[in-house]
Amino acid sequence: MRGRLLALALAALLPAAQAQETLRERIKARMEQRRAGKASDAPAQGGLQELQVQGRKVLVHLPNGYDAGRPTPLVLAFHGGGGHAEYMADDAHYGLQKKADEAGFVVAFPNGYSKLPGAKFATWNAGGCCGDARDKGIDDVGFARAAVAAIKGRFNIDAARVFATGMSNGGMMSHRLACEAADVFRAVASVAGTDATASCTPSRPVSVLHIHAKDDDHVLFNGGAGPGAFRDESKVMAFVSVPETVSRWVQRDHCTAPPQRALDVPGARCESHTGCADGVTVQLCATDTGGHSWPGAPSVRRGKEAASQALDANDAIWRFFEQASP
């Protein structure tokens, strides 16, 4: 009798167990569908795709009209110290995705080193600056090389037209890449970040553009760290002046011709050094105002001086990169 009752009880429980198992399967299937959806969310072009490189994110924007059958130029854009990839990728602040769509290049936004879970307040080890990336000796040159390799492994990139640009500490990182990864980067452009390397022996001549506001209160035009730099002075350095930075590259690239005025408009001037080895160019663009910002930017951080509109950094940088292309 007991056995019969037990069998009846088990029979009654079986549909409930089967229903629970079916529910589990449905939940599992839905989770798998969501994962698959997230993996395929990244569009073939437009928007941002995220790559993981050495445990760090790299956001990649493919220009409208990207053709996987045609090699495309690549620009790595390095955020400033204390920033992060998403901020550099925000067109409200920099406009680089829009410029990539107009000009037809792939733009990638790597994230610097950060000990925070959200990877914000990140810095780059550009040599003498900045922050934890410098203090911990992070190999950001190796990371930049790996980022380029990862992007080339996924998209059709023209290896002869790979460039680097950056803001502030990110601009300093671009200078370091010209020193230590000239075999990868055809030309670099730094905005508001001077040369922070202690030594520099490029494997080949490399074209360098430097853009700086004369009233920058972070990285002072004539050298030193201004009142707007990191609150903790130990996290930065006595910044090299803009004239010294340009002079170093003129010497490294063996430029012999006197500088020529390339742009002269109210509020901005550019001078180019030509007659350099292998036909490269060293150029300086200086704005009268704008403080520590990206010239032409539509907006800046709250409380900061508005960016100079006398020069559009994106236009100047891409024009310089195009001229440096083989």
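Residues are numbered from 1 along each chain as its sequence is written, and side-chain values use heavy atoms, with hydrogens and water left out. Because the model is predicted, local features need pLDDT of at least 70 and side-chain atom pairs count only at pLDDT 80 or more, while totals for chains, interfaces and linings use all residues.

**The chain**

The protein chain has eight helices and 10 strands. Helices (H or I, at least four residues) and strands (E, at least two) are DSSP runs numbered from the N terminus. Of the 326 residues, 50% count as buried, where buried means under 20% relative accessible area, exposed over 50% and partly exposed in between, with a 1.4 Å probe and protein chains only. Among contacts (heavy atoms within 4.5 Å) between residues at least 6 apart in sequence, 60% join residues at least 24 apart.

**Cavities and a pocket**

On a 1 Å grid over the protein atoms alone, a cavity is a set of points where a 1.4 Å probe fits but cannot get out; a pocket is an open set with protein on both sides within 12 Å along at least five of seven lines; lining residues have an atom within 4 Å of a point. Grid points are joined across faces, edges and corners, and a volume is the space filled by probe spheres set on the points. A search of the whole structure finds two cavities of 30 Å³ or more.

| Space | Volume |
|---|---|
| Largest cavity | about 50 Å³ |
| Second largest cavity | about 40 Å³ |
| Second largest pocket | about 150 Å³ |

The lining of the largest cavity includes Val75, Phe105 and Trp318. Helices α3 (96–103) and α8 (313–324) each supply at least two of its residues, and α8 gives the largest share, four residues. This lining holds six nonpolar, two polar and one charged residue. In this classing, Ala, Val, Leu, Ile, Met, Phe, Trp, Tyr, Cys and Pro are nonpolar, Asp, Glu, Lys and Arg are charged, and the others, Gly among them, are polar.

Among the residues that line the second largest cavity are Val191, His212, Thr287 and Ser308. Strand β7 (residues 207–213) gives the most to this lining, with three residues. By class, the lining has five nonpolar, seven polar and no charged residues.

The second largest pocket is lined by residues including Asp91, Lys98, Glu102 and Asp312. Both α3 and α8 supply at least two residues to the pocket lining, with the largest share, three residues, coming from α3. Its classes are three nonpolar, three polar and six charged.

**Ala313**

Ala313 lies in helix α8. Its relative accessibility is 0%, so Ala313 counts as buried. Not counting residues up to four places away in sequence, Ala313 touches Ile211, Trp294 and Pro295. Ala313 and His212 are 101 residues apart in sequence, and their C-alpha atoms are 9.9 Å apart in space.

**Packing of α5 and α6**

Helix α5 (residues 140–154) and helix α6 (residues 169–180) pack at an angle of about 80°, with their axes 10 Å apart. Axes are lines fitted to C-alpha atoms, for helices over the stretch in contact, and angles run from 0 to 180 degrees between N-to-C directions. The two helices are therefore roughly perpendicular (65 to 115 degrees; under 35 is roughly parallel, over 145 roughly antiparallel and the rest oblique). Asp140, Val141, Ala144 and Arg145 of α5 meet Met173, Arg176, Leu177 and Glu180 of α6. The contact residues divide into four nonpolar, no polar and four charged.
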